[in-house]
Amino acid sequence: MKASQFLISTLKEAPTDAEVVSHKLMMRAGMIKKLGAGIYNYMPMGLRVIRKVEAIVREEMNRAGAVELTMPVVQPAELWQETGRFDKMGPELLRIKDRHDRDYVVQPTSEEVVTDIARQEIKSYKQLPKNLYQIQTKFRDERRPRFGLMRGREFIMKDAYSFDRDQHSAKASYQVMAKAYRRIFDRFGLTYRAVAADSGAIGGDLSEEFQVIAATGEDAIVYCPTSDYAANMEKAESLAPVAPRASAQDAMEKVATPGKSTCEDVAALLGVALNTTVKSLVLATDEKDEHGAVKKTQVWLLLLRGDHDMNEVKVGKLPGLAEFRFATVGEIEEHFGCKPGYLGPIGLKQPLKIVADRDVAVMADWICGANEEGFHIRGVNWGRDLPEPDMVADLRNVVEGDASPDGKGVLAIERGIEVGHVFYLGTKYSKVMNATFLDVNGKPQFMEMGCYGIGITRLPAAAVEQNHDDKGIIWPDALAPFTVVLCPINPDRFPDVKAAADKLYEELLAAGVDVILDDRNERPGAMFADWELIGVPHRVNIGDRGLKEGVVEYQHRRESAATSVAVADIAALLL
Ligand code: ATP
Ligand code: MG
Ligand code: MG
Ligand code: MG
């Protein structure tokens, strides 16, 4: 590629809304261009990086025996209604209508469609196992799209789905993917950690996240430096002993004091009881008997522990406190006529009474607006203008220095960016969609499934968080938009410089090197600054003075100075 033909659009300044370094540098390097909130153009330079990510992922998926297909971005709602997710999924699911007023969704993931394919195409155990994957555009109407490609609304994901005849074989398929993921992330040349994640209602230990270590990561990782133990915070907390270190006593006292408690206190109390982090608390509704007396109160909690939780309705018991169920965003919206969110520290106007009556507790008269019918907060702007709750810090049951669950040391906490996720699904989708095959005895059985995602467009952002300096990006070779840049110095004045650069360019191209020749006739300073910002790892400066001595200058992006290399040796050095 010649730079004069390419579209290079570097910027001196990063836009003001860019908070993290990857967002700033990718914008400044002209890799991405914002079109709307969480919606970006992948500019030519950025697209080359994305294609590199895709190529590695594709190669390793194919090597692991997965088969590529693509499923539509816009999907008819019927399939999503079959699994209930059309209603259950919250506002993250973008629903649209066509000209005939029919409902569609823009895919945030593709379990429904792939299960529909499987139930039609896979009839016999002889066709199993199968793993189908796509590298395709996704849309999630994220509550807080931010950090550029890191948390976009439109993004590219590799999503794979395995189908197996039984649990044993499904777990083997999961392991094949977990291993392929390690190969993939090793190849990117990034520092990452595979951490145990919550597998939700399905149980077992078959869910892992692949987290690129970065201070700006939105996830907290708990690990033991002296053993293999590593988990995300949710998982670690669910394993932690019920140690009410999160000042249960304080919360309890406050909640019992009229006018003193806040939603945070209530959340804290519930968090302790649930042994988890209640980041957001929704509300309670009363059920009354024929005399109008409160029979029981249902407590509605929205646990913002990860978006998957929002897609499922869970029913359980708060030990000694109340019956509870986790509501979906959709349900809450429907029930209360407003969007759920963080309620913020609204002081309780009335004392919160917790009347333990066997397993049912009554929470009454709490929070502004609660009346006999229960809770009314219609029209209140929940969440939007309130600060993001940082209750994790206060409520964590797991802290640095705790003994690790494997007993092999103490825990440390660091931050990570989730770039991949492998998940054993069991028959969750095959059951509701009736995806069966005939087993060896000719009997229909539900397919055992797994799903496996990689954030194709999030990955470059994570890579930049780990690889940059004050001049710009430093791409690992595997991800670089170009691996080599040739910088002829004043080629318009020195024909020998132009000739040498052209010759080397042709030679490298012929050898399959991903090279760009900067033939823009820029001043050397501006030219070097561009390539340092863009982050091409290998640069060759070709100048008249050097050529007279038979040398060119080679500089790796990580090095502070160039070294002289004989013209005769340079091509070999770059191969
Ligand atoms: P997160 O916890 O960051 O919201 P997720 O757990 O919701 O991610 P998955 O459903 O596991 O995401 O999707 C698989 C992968 O897709 C994630 O591991 C991540 O790399 C990527 N991904 C998810 N949401 C986004 C997004 N909004 N922008 C870019 N990549 C994303
Ligand atoms: Mg996640
Ligand atoms: Mg999410
Ligand atoms: Mg995930």
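N521 sits in the loop that links β26 and α16 (524–534). In this predicted model, N521 has a positive phi of about 60° even though it isn't a glycine. With 13 other C-beta atoms within 10 Å, N521 comes out as partly exposed. Let's start from that loop and look around.

- You'll find D101 in the loop between β5 (94–97) and β6 (103–106).
- D101 counts as exposed, because it has 6 C-beta neighbours inside 10 Å and the exposed label goes to residues with 12 or fewer.
- The peptide bond running from L128 to P129 is cis, with omega near 0°.
- P129 belongs to the loop between α5 (111–121) and β7 (130–139).

**The five-stranded sheet**

- Five strands make an open sheet with mixed pairing, in the order β26-β25-β27-β28-β29.
- β26 (515–517) and β29 (563–566) are the edge strands; each has a single partner, so one side of each has no neighbour in the sheet.
- Going from one strand to the next, the twist averages 30°.
- β25 (residues 484–488) pairs with β26 in the parallel sense, over three bridges.

**Nonpolar cores**

- As a rule, nonpolar side chains in soluble globular proteins tend to be buried together.
- Here, the largest nonpolar core has 96 residues, and M26, I456, A462, L486, C487 and I542 have the most contacts inside it.
- Helix α6 (residues 167–188) gives the most to this core: eight residues.
- Apart from it lies another core, of 15 residues, including A196, A197, V398 and L411.
- Leaving aside neighbours within four places in sequence, C487 is in contact with D518, M527, F528, W531, R539, V540, N541 and I542.

**Around ligand 1**

- Ligand 1 is surrounded by 17 residues, and the closest are F155, H421, G453, G455 and R458.
- Three strands, β8 (154–164), β19 (412–426) and β22 (448–455), each supply at least two residues of this shell.
- Which strand gives the most to the shell around ligand 1? β19 does, with four residues.
- By type, the shell around ligand 1 splits into three nonpolar, eight polar and six charged residues.

Definitions and conventions
Residues numbered from 1 in each chain as written. Chains lettered and ligands numbered in written order. Predicted model: local features only at pLDDT ≥ 70, side-chain atom pairs only at ≥ 80, totals over all residues. Near = placed C-beta within 6 Å. Nonpolar A, V, L, I, M, F, W, Y, C, P; charged D, E, K, R; others polar. Core = buried A, V, L, I, M, F, W, Y, C linked by C-beta atoms within 7 Å. Buried ≥ 20, exposed ≤ 12 C-beta atoms within 10 Å, placed from the backbone. Contact = placed C-beta atoms within 7 Å. Pairing = 2+ DSSP bridges. Axes fitted to C-alpha atoms, helices over the stretch in contact; angles between N-to-C directions.
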